[in-house]
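Trainee: Could we go through this structure together, slowly, and start with one single residue before we look at anything wider?

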Amino acid sequence: MINPLVLDAGLEAVLEVVESVVGDAFALADRIGAEVQSVFTGQPTVRRADLGAVVELARPALEDPAARIQGAGFVAAIDALADSRWWLEWFMFSNGAAERLLVDTDPRGENFYDYGSLPWFDVPQRTGRRYITGPYVDYLCTDDYTLTFTVPVTVRDRFVGVAGADVRVFTFEKAILPCLRATQRKVAIVNDQRRIVLSNSARHVSGTLLRAELPSYRIEDLPLSVVELTS
Amino acid sequence: MPLRFYGSGAAAVFAPLETLSRSELVARRLTDAIALGLIPDAEQLPGESDLAGIFGVSTTTIREALSSLRLRGLIDTRRGRGGGSFVRAHEEISTAIVRDRLEELSLAQLRDLGDHYSAIAGTAARLAAERATSDDVERLTAVCDSLESAEGLGGRRRADAQFHIEVAATAQSTRLYRAEVSLQAEVGTLLWLAFGDDESHRRTVRSCRDVVAAIDRTDGEAARAAAEERVADSTARLIDLRLTLEDR
């Protein structure tokens with residue numbers, strides 16, 4: 001049996017910053033999710049054009065110079081919308097402004113991609129719970145090393161899609177590394193697959209899998225843990 | 001500029017262009033798309049300003065590219081209402097393109113291209129084996145399955161490119177992923193136009209399965225060897241084909 005990680009003031013500070021970055025991303029996802037839910041609740045059929053409020057919520061977050069959000073929006077469950085089987089009402093920060101992501105909705109199209117089985121969509125759909133995907137190379141949206149925060153959107157027990165936000169691993173690291181370094185302990189933040197998101201050890205770099213059993217502390221309600229490294 | 005879902009992941013055909021004459025490169029990408037059947041016969045191309053947006057170039061550049069496609073008989077342009085550029089696909093295009101492309105390359109350049117590709121594909125496969133979770137292996141297996149059932153040159157090239165991009169993504173490396181995308185654009189199309197037959201397709205599927213099996217065993221060296229062997233085999237076949245061009 002591995003001992004749980006003993007928290008000290010330094011690690012408490014790390015948890016605080018992690019929870020703030022993660023909390024901001026999920027708060028945006030929740031706002032978008034609530035808005036989409038109210039659209040679906042208010043009318044029998046929903047079309048792409050009915051999702052206009054999503055950009056109004058995403059834009060201020062994406063264009064805020066202090067914000068850490070790279071992308072945000074709503075991804076519809078297959079056949080949830082009346083006028084497109086697949087749809088991403090998604091916006092990204094690019095060249096100083098929020099830009100709409102163009103979606104090829106024709107399954108035969110060169111740029112079509114069926115997102116139904118991808119973790120950021122599938123896990124909230126299956127579990128009914130919020131989820132953090134990554135770190136992963138996001139070749140669909142950001143084209144960068146990314147963390148994606150998604151929450152399920154349900155209307156009268158029917159899953160209609162996920163609302164979410166992207167944070168680049170670069171941004172996550174910039175926010176958290178100073179206090180991680182200040183702990184004076186060798187620690188890593190890992191996801192539920194034991195993949196390292198960030199550590200303060202050159203022997204345990206982001207993206208690699210931590211195979212050893214080590215003292216760890218699971219951050220409440222999140223698929224993230226803080227692990228004490230021994231070397 | 002608008003951003004595209006699965007933009008770079010779609011590799012080759014509509015990737016942004018960087019070097020050489022821009023209009024030549026646009027013409028090349030459109031020619032590839034037509035030859036691979038991605039833009040079917042009689043299909044209308046997007047308008048000049050839409051194409052300019054997709055490729056990130058000016059409408060003047062698009063006009064030059066379209067004019068060279070017209071000269072080669074690959075498109076028809078009709079004026080007026082309901083007008084635009086329409087694809088004229090024909091059987092011999094693939095052979096002609098492969099010959100043109102290969103003639104531009106020396107044996108030493110082909111060997112060098114193979115060396116570069118081997119470095120990227122081999123390292124991506126080794127790192128993927130070290131860094132893959134069981135979910136990753138499941139996804140790679142699914143991509144292999146869709147490669148196996150893919151039909152037509154365009155469908156097979158796309159599934160093949162997706163497999164290699166997925167391996168680089170499994171390696172957790174943004175740089176290897178970008179290198180793979182640009183190599184797919186450079187050489188992927190050429191390989192599929194030259195060797196798009198059913199037997200080559202079966203060989204490709206087998207080699208992808210070998211890579212996934214090694215990744216599943218977390219055997220980095222075997223994954224690297226399988227990926228490198230496949231590149232070496234493709235390079236040798238391209239060099240053989242290049243040699244036959246000397247026979248005329």
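**A histidine, a helix and a core**

Mentor: Let us begin with B:His164, which is buried, because 26 other C-beta atoms lie within 10 Å. Please keep in mind throughout that this is a predicted model.

Trainee: Okay, and which helix is B:His164 found in?

Mentor: B:His164 belongs to helix α7 of chain B, which covers residues 152-170.

Trainee: Which residues does B:His164 touch, leaving aside its neighbours within four places in sequence?

Mentor: With those neighbours left out, B:His164 is in contact with B:Ala121, B:Glu180 and B:Gln184. B:Glu180 is 16 residues away along the chain, and yet the C-alpha atoms of B:His164 and B:Glu180 are separated by 7.0 Å.

Trainee: Changing topic, what are the buried residues of helix α4 of chain B?

Mentor: In this helix, which runs over residues 93-103, the buried ones are B:Ile93, B:Ser94, B:Ile97 and B:Val98. If you look down the axis of α4(B), its buried residues fall within an arc of 125°, so they line one face of the helix.

Trainee: Why would residues a few places apart point the same way?

Mentor: An α-helix has 3.6 residues a turn, so residues three or four places apart point the same way.

Trainee: And what do the buried residues of α4(B) pack against?

Mentor: They pack against α1 (22-35) and α8 of chain B, while the face turned away from the buried side carries the exposed residues B:Thr95, B:Asp100 and B:Glu103.

Trainee: How many residues are in the largest nonpolar core?

Mentor: That core has 130 residues, and those with the most contacts inside it are A:Ile32, B:Ala124, B:Ala125, B:Ala128 and B:Val211. Its largest share, eleven residues, comes from helix α8 (residues 174-194) of chain B. Domain 1 (11-90) and domain 2 (95-247) of chain B both give residues to this core, so the core lies between them.

Trainee: How far apart are the C-alpha centres of those two domains of chain B?

Mentor: The C-alpha centres of domain 1 and domain 2 of chain B lie 26 Å apart, and the contact takes nine residues from domain 1 and 14 residues from domain 2. On the side of domain 1 that touches domain 2, there are six nonpolar, two polar and one charged residues.

Trainee: Last one, what is the mean pLDDT of chain B?

Mentor: The mean is 86, with 92% of the residues of chain B reaching 70 or more, although over residues 11-17 of chain B the pLDDT is below 50. Where pLDDT is low, the predicted coordinates should not be read in detail.

Conventions. Residues numbered from 1 in each chain as written. Chains lettered and ligands numbered in written order. Predicted model: local features only at pLDDT ≥ 70, side-chain atom pairs only at ≥ 80, totals over all residues. Core = buried A, V, L, I, M, F, W, Y, C linked by C-beta atoms within 7 Å. Buried ≥ 20, exposed ≤ 12 C-beta atoms within 10 Å, placed from the backbone. Helix = DSSP H or I, 4+ residues; strand = E, 2+ residues; numbered from the N terminus. Domains from an automatic or database assignment. Contact = placed C-beta atoms within 7 Å. Nonpolar A, V, L, I, M, F, W, Y, C, P; charged D, E, K, R; others polar. pLDDT = per-residue confidence, 0-100. Arc of directions from axis to C-beta.
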